[in-house]
2 protein chains.
Amino acid sequence: MKVIDDLRAVPPELVFDAVKAALVAHAEGNTVVPPPMALDFAGGDCHVKAGHVVGQPHFVVKTASSFGGRNNGSMLLLSATTGEPTAFIADNGLLTAWRTAAAGALVTDALTPQDVDEVAVMGTGEQARLQMTWLAKLRKIRLVHVWGRRPEAEVLLCQQLRAEGLDARPGYQTGAACVVTTTASPDPLPLNAFRDAVHVTGIGTDMPGKGELPPELFAGRIVVTDDHDQCLDHGDFGHAVRAGVVAPQADRPIGAVLRGQHRDQRSVADLTGIGATDASVAGAVWSLLG
Amino acid sequence: MKVIDDLRAVPPELVFDAVKAALVAHAEGNTVVPPPMALDFAGGDCHVKAGHVVGQPHFVVKTASSFGGRNNGSMLLLSATTGEPTAFIADNGLLTAWRTAAAGALVTDALTPQDVDEVAVMGTGEQARLQMTWLAKLRKIRLVHVWGRRPEAEVLLCQQLRAEGLDARPGYQTGAACVVTTTASPDPLPLNAFRDAVHVTGIGTDMPGKGELPPELFAGRIVVTDDHDQCLDHGDFGHAVRAGVVAPQADRPIGAVLRGQHRDQRSVADLTGIGATDASVAGAVWSLLG
């Protein structure tokens, strides 16, 4: 069993390819993804996810914890033919951040009209930055509009994005044709922010108790989910279904829309995070560094 | 993060103490034990369990896999105050075998009359051997009666037990005052084997699809479970409840009967295995070897 704790040599292309393979496999039913486990402690929590892409040599068991606002995480890679532990990836949650960024960027790129080069991001945390920088690896982004609850956080994110070569402007309110939401909000964001959006990607509802996209947003749009059951259970899709805006079978899987054939239609994507992408990325990292 | 792969220095007393502490804490509601995860593959399966004893510094995420009859397993110990991985215990399932042996021996000893020194064990695998040798660490065992489907397996287990200093006799059919069942049977064992049993411990129903104790056995006995929900779901207790022999609230937790106050009454214990014992044992191993 090898311990891997340095991921600096991992190129984004490897992550994109691994995530795409997992999303397509998941859409085709070729993954093994049990419901996650959650442990609650006095001062924090830990979520355990597991996943496997049928045909790949490994599966993964992942921990993701949060204590006092500090996140931690690890991935254990095991052989899917013997059960033996192959590698322990002490990534402190980095691969999860990357696979989330890659999945969001892939679906945002596939469903946003090709001439759109201004994007709004709502939320100012690590995923706000990653969703924009990883999207910029797939298409030209001329300007990022930033929305946050605190103006100083908007300014800081704009500085970070400029440092990575992306023009960025704080104070977003309305008007963007493409909006990506990355908040931990328990309540819907202002509907006006999505007024002109052809495509919206929401990545904030990774666990129960969150909900950032207004249910009304789902009306009349192509609805895309990374996992039907999870999104119905605790994603914004589920909130919209329970609000009576959309039918519980109205969604289609991300893996089925990645070829960009729906870019001219209004769409919304709800991502909750699936263990199969973890398994695929961890397996690819092992192929590179193991 | 430290990798621990040599457990030879771990004394049985440490395992008994850790398991007892976890069973008592679990009985008092002072544990965190989410439902296990299961992954099924073309050639095998993997179960992931997690657990924590409130007040202990760590929690554990455990994998237990079976491919082509070959078992594997590992435990990841994490800090319950920061979420950081503390140790990876590459035990190949050994700690699970020990904590199962300890839990079974503790309840068998606590509920079997003190003058009983002949015990019957049904099943001839690793747990049959361990249940007897660990019980012998808690009380004098003059003779072990062995029951198996294959006579040659009975003889082999008797040889193994004698090599560990326990007199053992193959060909058990009926008459023992204490019976421990350790089979992977999907169907109930012969009722006659339990005819004279004051106490019966069943440890074979660790996952759905198994069932070794005849439902009739539960009638009129003190019923003890290691976890009410798990035993109701897939333990022999649940089979007996669904057969109408016993009420769904008739059981009491192991942790509440370990003081030996029920030794004169007829009893049956159903063990399905709980993650809190894994956490407690792994934490104790870390205290010793970390």
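## Domains

Domain bounds here come from an automatic or database domain assignment. On that basis chain A is divided into domain 1, covering 2-96 + 275-289, and domain 2, covering 104-270. The model is predicted. Taken over C-alpha atoms, the centres of domain 1 of chain A and domain 2 of chain A are separated by 23 Å.

Domain 1 of chain A contributes 10 residues to the contact between the two, and domain 2 of chain A contributes 11 residues. On the side of domain 1 of chain A that touches domain 2 of chain A, helix α1 (residues 12-27) of chain A gives the most, with 8 residues. By residue class, that side of domain 1 of chain A holds 6 nonpolar, 2 polar and 2 charged residues.

## Overall form of chain A

Chain A contains 7 helices and 15 strands. Along its principal axes, the C-alpha trace of chain A spans about 55 × 40 × 40 Å. The radius of gyration of chain A is 18 Å, which agrees with the value near 19 Å that a compact globule of 290 residues would have.

Of the 290 residues of chain A, 54% count as buried. Contacts in chain A between residues at least 6 apart in sequence include 65% that join residues at least 24 apart.

## Helix α2

Helix α2 of chain A runs over residues 94-111 and has 18 residues. From its first C-alpha to its last, helix α2 of chain A reaches 26 Å, close to the 26 Å expected at 1.5 Å a residue. Because 16 of the 18 residues of α2(A) are buried, this helix is largely enclosed by the rest of the structure.

## Relation between the chains

Two copies of a chain are related by a rotation about an axis and a shift along it. In this model, chain B is superposed on chain A by a rotation of 180° with 0.0 Å of shift along the axis, at an RMSD of 0.1 Å. That is the relation of a two-fold axis. Within chain B, the C-alpha nearest the axis belongs to M37(B), at 3.6 Å from it. The same surface serves both copies, since 100% of the contact residues of chain B recur in chain A.

## The interface

The contact between the chains takes 34 residues from chain B and 34 residues from chain A. On the side of chain B that touches chain A, at least two residues each come from β3 (37-40), β4 (44-53), β5 (58-67), β6 (70-79) and β7 (85-89) of chain B. Of the elements of chain B, β5(B) gives the most to this side, with 6 residues. The residues on the side of chain B that touches chain A divide into 20 nonpolar, 11 polar and 3 charged.

## Residue P85(A)

P85(A) lies in strand β7 (residues 85-89) of chain A. A residue counts as buried if 20 or more other C-beta atoms lie within 10 Å of its own. P85(A) has 23 C-beta neighbours inside 10 Å and therefore counts as buried.

Leaving aside neighbours within four places in sequence, P85(A) is in contact with M1(A), L76(A) and L78(A), and also with S74(B) and A90(B) of chain B. P85(A) and R252(A) are 167 residues apart in sequence, and their C-alpha atoms are 34 Å apart in space.

Technical notes:
Residues are numbered from 1 along each chain as its sequence is written. Chains are lettered from A and ligands numbered from 1 in the order in which they are written. This is a predicted model: local features need pLDDT of at least 70, side-chain atom pairs count only at pLDDT 80 or more; totals for chains, interfaces and linings use all residues. Two residues are in contact if their C-beta atoms, placed from the backbone, lie within 7 Å. Helices (H or I, at least four residues) and strands (E, at least two) are DSSP runs, numbered from the N terminus. Ala, Val, Leu, Ile, Met, Phe, Trp, Tyr, Cys and Pro count as nonpolar, Asp, Glu, Lys and Arg as charged, and the others, Gly among them, as polar. Copies are superposed by least squares on the C-alpha atoms of residues with pLDDT of at least 70 in both. The radius of gyration is taken over C-alpha atoms; the globule rule is 2.2 Å times the number of residues to the power 0.38. A residue is buried if 20 or more other C-beta atoms lie within 10 Å of its own, exposed if 12 or fewer, and partly exposed in between; C-beta atoms are placed from the backbone. The expected span of a helix is 1.5 Å times one less than its number of residues.
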